[in-house]
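Hi,

Here is the structure I said I'd pass on.

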Amino acid sequence: MESGVPSYQGFRFPPEVIAHAVWLYHRFPLSFRDVEELLFERGIQVSYEAIRLWCERFGPEYAARLCRRRLRPGDKWHLDEVFIKVNGRMRYLWRAVDQDGNVLDILVTNARDTKAAKRFFRKLLKTTECVPRVVVTDKLRSYGAAHREVIPSVEHRTSKYLNNRAENSHLPTPRREYAMQGFRSVGKAQRFLASFSRISSHFRPRRHLITASDYRT
């Protein structure tokens, strides 16, 4: 079997159906019941609970395969953090994208301090296995402290207006959070958003930079 290919042994439905259901759930702001109805309209009768299990099982595997296939990230990274609600409490979603808008990694934390920023920096370096030329952030002081300790040789730019790339990358998350009626725990939010960020962004290319035929491909 090809290395990295998920095993579908023991599943009643073929891989094409499972992959299509996982794609629908991560690409569009749909609930599991919405995906169930869309599949039923195509003559596929499966429960929303089965779809939930497919997404939990295969979503991270599909995201990992996309991560392995992606090209080397750009040398200019944009980092930003936003509030998300987890079980009724405010938590923080950190996200990094390169200059082309490709999502590099995300992290959900309870706090927005230097410790969390350093954790995100180290996770980002481990995931990408490379060091950027420039890091662009907002003026949160935690970024500066983490930068000086983790990657002091990298140029650090702070500006409210240079970081639109990362801020725009956050936009699909609130719509997804609303469709899911919020997240139940930090761990579940981290697992889902890690898969969602890679799968969703892969199917959201910058359409104005490519031809219609390339977009459809």
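Below is what turned up when I went through the pockets.

This is a predicted model, where local features need pLDDT of at least 70, side-chain atom pairs count only at pLDDT 80 or more, and totals for chains, interfaces and linings use all residues. Residues are numbered from 1 along each chain as its sequence is written, and side-chain values use heavy atoms, with hydrogens and water left out.

The largest pocket comes in at about 1400 Å³. (A pocket is an open set of points on a 1 Å grid over the protein atoms alone, where a 1.4 Å probe fits, with protein on both sides within 12 Å along at least five of seven lines; lining residues have an atom within 4 Å of a point. Points are joined across faces, edges and corners, and the volume is the space filled by probe spheres set on them.) Its lining has 40 residues, with Asn 102, Ser 201, His 202, Arg 204 and Pro 205 nearest the centre. α8 gives the most, 6 residues (helices are DSSP runs of H or I, at least four residues, and strands are runs of E, at least two, numbered from the N terminus).

The second largest pocket has a volume of about 730 Å³. Its 22 lining residues include Tyr 25, Phe 32, Arg 52, Glu 56 and Met 180, which lie nearest its centre. Elements giving two or more residues here are α1, α2 (32-41), α3 and α8, and α3 gives the most, with 7.

Cheers
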